[in-house]
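I open this notebook to keep track of what I looked up in the structure, entry by entry.

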Amino acid sequence: MGYLANAPRLDALIEGLESADSIERLQSASVAFRDFYGVNHVVYHWVNSAGEQYGCGTYDDVWVDRYLEKGYLRVDPVIQGCYQKFHPIDWKRLDWSSKAARAFLQDAIAHGVGNQGFSIPIRGPNGQYALFTVSHICSDEEWEEFTTGHRRDLILIAHCFNQVALQLEPGRAPDQGQPLSPREVEAMTMLAIGLSRAQAADKLSISEHTLRVYVESARFKLGALNTTHAVARALSRGLIVV
Amino acid sequence: MIRYIYAEDLHAFPTLAHTMFLDRADQFKTRLGWEVSVDEQGYERDEYDDQNPLYVIWENADGTHGGSMRLLPTVGQTMVNDHFLHLTDGVRIESPFIWECTRFCLSREATPGVAAALMLAGGEVMKEFDIEHFVGVFDARMVRIYRRIGSSPEILGSQGEGRERISVGLWEFSGEAQASVAKSAGITPEMTRRWFERSFNATEPTPMMDLAVQTIAAAAAPMSLAA
């Protein structure tokens, strides 16, 4: 899984993903993340609060059609293992012992899906549900190294995809995203003017621990990669003024 | 032993589930006098039990419940965000790296080791799923229990006085804190590891490379015979 030379940085990719306003742009974001990590596939599927299913990702169309035609939804251990859950799952932790599961894996490998996978189920508000998956062809050791090194970022990216998908829910007005609460605005403002976490916490009369959680909540609501990125985004959107 | 069970799978552990909901009624309604609802079966359940939470449960040797807690992702519906915003400065705590931990319950017969085992099991969840904090709601009595086992939450906000005091707090579980809880409870990291593996792995981890080679070889076999 070599990184591409001159590849865009992760924060630029997140930025691109966050501005996606259509399924087509989510699709191109999945390609960008696949290329960034140098893995075979990145796939994101979701079921909105009205129960409608959508998907985007880099799997071959032939495989997607075959998956539906063969009714693999019923035998795919990834679906069985992730549905209604909310913890990330490495495919090697799933039950591949049945004949049907093995036949399915063989077919998946033949269609270039890969023999390794890492899936992150997401449970959003109002019954919304999603699954983000990265898959690849490599040895168990290489995969272990990849997932251990990137697990946190993959969880973060999965949730960024999901936040965009939530914005695309029918009937949802643009920019109806979570506004920051006054307290989050204060915390972000302190960081934006250059105070350290300790100073900011002191000014707000809260513990540093609490500040961290408020900043992390704001980061999530802003769909940002990290605190610096979140501060920049809050400034550019006019949510905080310094 | 500790078991990690999603609500949808509780049916496979009928005794454990039955005694957990009875113990919750005993703790929250009978002993603490909280305004919780207890159904005709004597179970204390609320709307969050219907959201397919992940329960972390201490199972006694006879299969009954010794203690438990309930985990939910904060990007979905949570008790703290739905009902206790006034205790978090109005901040909806939402992050893939923060889970909510509620209904921390100990049966009347629970030994001190049960609470410690639950905290360690929570630590295992944090480590394996990249969770940085648990956020939860608890009362004054629980503050003492958490302190005793060496895992005091950071209080975000409180309301009420004395025994009635309800707080929202945060847990961060550092390696040192985990080691000290483990030591005082006499629970080894191997034990917490084994409990976790047993619940989250359908089987021993599958060697995916070997499996791929096998399945492809098996499929190719008839062709080579024909040739």
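How far apart are the centres of domain 1 of chain A and domain 2 of chain A, taken over C-alpha atoms? I find that 31 Å separate them; domain 1 covers 10-167 and domain 2 covers 182-236 of chain A, where the bounds come from an automatic or database domain assignment.

**Conventions.** I note that this is a predicted model, in which local features need pLDDT of at least 70 and side-chain atom pairs count only at pLDDT 80 or more, while totals for chains, interfaces and linings use all residues. Residues are numbered from 1 along each chain as its sequence is written, and chains are lettered from A and ligands numbered from 1 in the order in which they are written.

**Sheet of chain A.** I looked up the strand order and found an open sheet of five strands, S2-S1-S5-S4-S3, with antiparallel pairing; strands and helices here are DSSP runs numbered from the N terminus (E, at least two residues, for strands; H or I, at least four, for helices), and two strands pair if DSSP finds at least two bridges between them. Strand S2 (53-57) and strand S3 (89-90) of chain A are the edge strands, each pairing on one side only.

I then followed S1(A) to its partners. S1(A) pairs with S5(A) in the antiparallel sense over seven bridges, and Val43(A) has Thr133(A) as its bridge partner in S5(A). With S2(A), the antiparallel pairing of S1(A) runs over five bridges, and there Val47(A) has Gln53(A) as its bridge partner. The hairpin of S1(A) and S2(A) has five residues between the strands, and in it Gly51(A) takes a positive phi near 85°. Is S1(A) largely enclosed by the rest of the structure, or largely open, is what I checked next: five of its seven residues are buried, so S1(A) is largely enclosed (buried means 20 or more other C-beta atoms within 10 Å of a residue's own, exposed 12 or fewer, partly exposed in between, with C-beta atoms placed from the backbone).

Helix H6 (residues 140-167) of chain A lies across S1, S3, S4 and S5 of chain A and runs at about 35° to S4(A).

**A helix pair in chain A.** The axes of helix H7 (residues 182-192) and helix H9 (residues 208-221) of chain A come within 9 Å and cross at roughly 100°, which makes H7(A) roughly perpendicular to H9(A) (65 to 115 degrees counts as roughly perpendicular, under 35 as roughly parallel, over 145 as roughly antiparallel and the rest as oblique). Among the residues that make the contact are Ala187(A) and Leu191(A) of H7(A) and Leu211(A) and Val215(A) of H9(A), contact meaning C-beta atoms, placed from the backbone, within 7 Å.

**Chain B.** I counted seven helices and seven strands in chain B. The seven strands form an open sheet with mixed pairing, in the order S1-S2-S3-S4-S5-S7-S6; strand S1 (2-6) and S6 of chain B stand at the edges with a single partner strand each, so one side of each is left without a neighbour in the sheet. S6(B) pairs with strand S7 (residues 166-171) of chain B in the antiparallel sense over five bridges, with Ser158(B) opposite Ser167(B) in S7(B). Of the 227 residues of chain B, 41% count as buried, and its C-alpha trace spans about 85 × 35 × 35 Å along the principal axes.

**Where the chains meet.** Which element gives the largest share of the side of chain B that touches chain A? The contact takes 38 residues from chain B and 42 residues from chain A, and H7(B) gives that largest share, seven residues.

How values were computed: Contact = placed C-beta atoms within 7 Å. Axes fitted to C-alpha atoms, helices over the stretch in contact; angles between N-to-C directions.
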